Amino acid sequence: MRTGPRLRPFRPLISAVLSMALVISVLTGLIAFPGPASAASTPVTKVFQYGLDGYTDMKSAHVKSDSADDNYGNLTFLGLRGHSLTDLVPFFYYNLSSIPQGSMITNASLELTNGIFGNGSPNASAPIAVYKVITDWDESQIKWNNSVAAAIYDPTPVSTQSINGYGIGTKFSLDLTNLVQQWIDGTSTNYGLMLQVGEWTGDWTRAIYSEEHTTAQNRPKLTVTYSYEPVTGVSVTPDSLSLVWGGSTGQLNANVHPTDASNKNIQWTSSNTAVATVDANGVVTPVAPGTAIITATTEDGNYSDTSTVTVSEPNANLSNLTLSQGTLAPGFDSATTSYTATVANSVYGLTVTPAVADATATVTVNGNVTASGMPSHSIPLNVGDNEVTVKVTALDGTEKTYKVTVTREAASSNADLSNLTLSQGTLTPTFLSGTTSYTATVTNSVYSLTVTATVYDPMATVTVNGTPVTSGTASQAIPLNVGSNKIEVTVTAEDGLTKKTYTVDVTRQDTASTSPENEGETDGNGSADTGNNSGSGGSTTPDHSADKPDTEKPETEKPSEQPGEAACTKLTWTDIQNHWAKSDIESASELCVVQGPSSDKFLPDDEVTRLQFALMVARAMKLQKSGEAAVLESFEDRNEIPGWAEAELAAAIRAGIIEGYEDETLRPNVKINRAEMVTMLIRGWKMSAAITATSFTDDADIPAWAKGFVAKAAQEGIIEGRSGNRFEPASTATRAEAVAVLVRILQDKP
């Protein structure tokens with residue numbers, strides 16, 4: 001290489017061309033407007049080779065391991081050698097400043113030409129590692145010791161490529177795309193690159209012509225293809241910014257147009273740094289009260305936009321004040337410092353949410369620090385006036401106090417009922433809130449009732465026989481003994497002191513007063529399939545009380561005939577003439593299974609209790625009444641079993657038709673669901689449960705204890721699904737469904 005300075009005869013021409021291009025670019029930018037992202041720009045290819053189009057701003061040299069202190073910057077070739085005794089390592093540098101910063105490099109390749117030696121090495125490819133040089137170097141001073149031994153390159157290769165290049169005049173190329181992209185992005189400073197032969201056994205040598213070679217086309221050539229999208233404008237947001245002297249900073253954002261512009265570098269400046277300063281990221285710092293114009297200018301195209309920054313002195317005003325309960329009077333205004341509010345007696349506390357106008361100010365509520373815009377701690381309220389103090393302290397120490405007087409009203413002493421009703425029987429006299437004593441009479445067949453009490457004051461509470469109930473909602477079922485039953489409804493006013501008790505004396509008639517004419521499988525309200533789809537049912541299982549309903553005790557009526565009496569006649573009722581179960585109901589009457597609650601009404605869609613269905617099954621099976629009722633004594637709710645049903649029920653229990661629950665109750669008057677009904681029926685006929693899933697769409701909803709019995713009943717054609725082929729195991733069974741499954745099993749297995 002040369003020892004003297006290089007001549008650059010074409011530099012003035014290049015400078016003139018670049019200057020003209022810059023003028024054209026500026027003039028074009030003056031009439032360009034910000035807009036959406038433009039279409040992809042046309043790729044540009046530039047070739048960097050010494051002497052080509054006047055380009056001279058490059059350098060190269062090689063260093064030698066066995067001549068570590070020698071410089072070889074004056075040769076016309078560069079050695080690239082991997083040898084056990086001697087290594088030759090070339091360095092290259094190209095000035096790429098003519099490629100705009102931010103350009104997308106799509107390809108960059110360094111083409112080298114093999115020169116005067118190297119033919120003694122093998123005609124084979126060797127791994128060539130490309131290293132990024134990280135320190136500037138002088139081609140007239142570079143040596144092995146100051147470049148490789150004392151490394152001026154990043155020890156991690158940018159890439160390793162397999163190269164042959166055998167023979168004089170052979171050209172080979174190295175891909176430098178990623179490295180050039182780093183240089184153009186500015187993520188790495190361009191100090192050039194170094195090549196080194198990787199792992200190699202023996203001698204692999206190539207002689208590369210340097211830029212001093214007389215044949216221009218053989219000189220090292222870097223070809224770069226890139227795309228570049230020029231900037232067309234910039235906009236700053238927000239266009240105005242309010243800050244407080246001594247307070248926090250503000251953020252401005254510069255949006256360069258188009259969004260895919262290659263160079264989005266911005267320079268920020270302030271028109272008045274005595275008021276506000278701005279850093280390279282658009283962060284504005286308030287310095288003193290006043291106004292400053294912050295300008296963002298693009299590096300590409302010199303486009304600019306501004307934002308007006310106003311710095312104000314600290315203040316102690318609130319911008320808003322709200323209460324979690326009640327309403328401020330008058331409505332909030334930052335200049336008004338005194339307010340009132342009223343809340344009901346039921347409000348025992350509230351929170352206050354203050355918002356400061358100056359973000360640097362602090363605020364306390366009743367002496368407790370509260371974050372601006374956040375609720376305060378809960379403030380307890382006494383009956384009467386409660387003063388709440390909100391104090392704002394500005395950054396400079398200025399204070400301002402807002403006061404709110406919250407009045408909590410006294411508690412109500414109203415303990416009246418506005419209504420009182422019974423589920424059975426009629427109050428005498430008619431209810432009036434001022435009347436506290438009532439009577440009612442029900443038939444012997446009514447074993448329980450519920451009371452619905454509605455308070456006049458929604459803040460009052462109510463109990464029925466000492467048990468709290470919800471106003472307007474029915475109480476739990478109250479069992480009735482024959483004779484007088486006293487029910488007390490007590491209302492406690494909001495003040496917790498005033499109480500008022502209403503009494504109802506309910507008389508349940510004895511058996512001499514009423515003669516039951518209905519069978520024991522009535523009561524309820526349900527729905528069944530239409531057409532020929534009959535309902536299905538189930539049976540109780542003692543180990544699964546969570547799957548059973550637990551409702552109030554309904555009335556259970558004594559049947560008019562018992563098994564073993566004269567054969568029954570087919571009956572018909574007016575309310576079954578168009579019912580899907582008409583035929584089954586009439587057949588059941590002939591079989592002495594049912595007789596109906598009255599001579600003209602069967603009530604096919606009423607629900608069935610566990611006791612009623614157990615007796616139906618027992619009659620259908622023609623079980624003899626058990627003379628021993630001792631089996632009933634083991635149940636905790638023994639007293640809920642009517643005397644007339646004891647013998648038949650005892651027989652049903654001994655036959656395994658019905659069983660008790662885990663809590664040792666029988667729950668005879670609870671409505672039976674479909675899963676229980678089918679289980680009870682299949683078990684009564686001593687049929688084995690099927691070991692399979694059912695075909696019902698809600699098979700997953702059928703309890704495990706009932707699934708085998710339901711599957712068996714479906715296989716035998718005893719049950720069918722409801723709408724959508726759903727079994728609905730938890731739905732209560734109707735009288736019509738109970739009769740239908742009994743008739744079917746009797747016809748199939750008499």
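Predicted model: local features only at pLDDT ≥ 70, side-chain atom pairs only at ≥ 80, totals over all residues.
Residues are numbered from 1 along each chain as its sequence is written, and side-chain values use heavy atoms, leaving out hydrogens and water.

Now the strands. S28 covers residues 384–393 and S29 covers residues 399–408. They pair in the antiparallel sense, over 10 bridges. Pairing here takes at least two bridges found by DSSP. Strands are DSSP runs of E, at least two residues; helices are runs of H or I, at least four; both are numbered from the N terminus.

Look at the hairpin of S28 and S29. It has 5 residues between the strands. There, Gly397 takes a positive phi near 95°.

S28 has another partner, S25, residues 362–365. These two run antiparallel, joined by 4 bridges. Thr362 has Thr393 of S28 as its bridge partner.

On to the helices. H5 (residues 610–620) packs with H7 (residues 674–684) at about 25°, axes 10 Å apart. Axes are lines fitted to C-alpha atoms over the stretch in contact, and angles run from 0 to 180 degrees between N-to-C directions. So H5 and H7 are roughly parallel, a label for angles under 35 degrees.

Who makes the contact (heavy atoms within 4.5 Å)? From H5: Arg610, Phe613, Ala614 and Val617. From H7: Glu676, Met677, Met680 and Leu681.

Technical notes
Parallel < 35°, antiparallel > 145°, perpendicular 65-115°, else oblique. Contact = heavy atoms within 4.5 Å.
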